[in-house]
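Please open the structure in your viewer and follow the stops below in order.

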Amino acid sequence: MAKDKSTGKMKRKDYEEELHKLQIQLCHLQEWVKANRLRVIVLFEGRDAAGKGGTIKALTEKVSPRVFRVVALPAPSDREKSQLFIQRYMQQFPAAGEIVIFDRSWYNRAGVEYVMGFCTPAEHKRFLALCPQMERYIIEGGIILIKLWLEVGMEEQERRFRARIDDPLRQWKLSPMDTESYRRWYDYSRARDLMFKATSSKHAPWHVIRSDDKRRARLNCISHLLKTIPYGRVKRDKVKLPRRSDKGRYNDQAGLRGMKFVEARY
């Protein structure tokens, strides 16, 4: 793979060529999941600015949102805070023929909630102890569970944060929680290490993807998913467009006269 000499990262042309190939395979996977009524959960975790959003976009931009469903839950409401911790996540679990992608998941408890003090040390300890048991239950229930951690380096995270500060298209991505995570780099590192040690089980291991090069990270992620979920080609009949019927033919554009059209500025 060629590299951009100015950054040492993968060139856009090479990236787009490889992404196109992988997205074709994702479409085949989609048909297989539907035909075989599979249920899949993919968790995306990682530091702020690790590239989770862009990776999920690359993964889902050419497939149906009815099969690949992205879940990005907001902060819990007062009612949700009174429920079992896992309850609001389980409501989003896949039905037959669905792949649910969690853009952050129940592992919030092992990360931001623990580091920022939104849960007690006892709640954090209990989560780490019970999480592998819960995930075994999910898997034994027939769901394919894939856990991905995007690991961005300290210098690259800082570069991305500074780019967001100056870019009006990306300033919305930089919240007070993000800047605090930047300050607490090593607190998040220790929380990550505790999480991996307690929850990277034989039945539900974590897989880490280096994401300093966003393009390579996206390709490696999609390639990993395609290898992790066994799938084949579903034979489909070739679609043929029928002849348009002339029955009831009339000047259908005339019915648009007098309607307010959006100004054609481009």
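**First stop: the largest pocket**

Select helix α9 (residues 185–199), which gives the most to the lining of the largest pocket, with four residues. Helices are DSSP runs (H or I, at least four residues), numbered from the N terminus. The model is a predicted one, in which local features need pLDDT of at least 70 and side-chain atom pairs count only at pLDDT 80 or more, while totals for chains, interfaces and linings use all residues. Residues are numbered from 1 along each chain as its sequence is written, and side-chain values use heavy atoms, with hydrogens and water left out.

A pocket is an open set of points on a 1 Å grid over the protein atoms alone, where a 1.4 Å probe fits, with protein on both sides within 12 Å along at least five of seven lines; lining residues have an atom within 4 Å of a point. Next, select Asp 48, Asp 103, Arg 104, Asn 108 and Val 112, which lie nearest the centre of the largest pocket among its 49 lining residues.

**Second stop: an aromatic pair**

Now select Phe 85 and Phe 127. Their ring centres are 5.8 Å apart and their planes lie at 80°, so the pair is edge-to-face (rings of Phe, Tyr and Trp, the last by its six-membered ring, pair with centres within 6.5 Å; planes under 30 degrees apart are stacked, over 60 edge-to-face, the rest tilted). Because Phe 85 lies in the loop between α3 (78–81) and α4 (87–90) and Phe 127 in helix α6 (residues 121–140), the pair ties together parts 42 residues apart in sequence.

Finally, select Arg 47 and Trp 185: the charged end of Arg 47 sits over the ring, 3.5 Å from its centre. Arg 88 lies over the face of Tyr 89, at 5.2 Å from the ring centre. The rule requires NZ of Lys or CZ of Arg within 6 Å of the ring centre and within 35 degrees of the ring normal.

Notes:
Helices (H or I, at least four residues) and strands (E, at least two) are DSSP runs, numbered from the N terminus.
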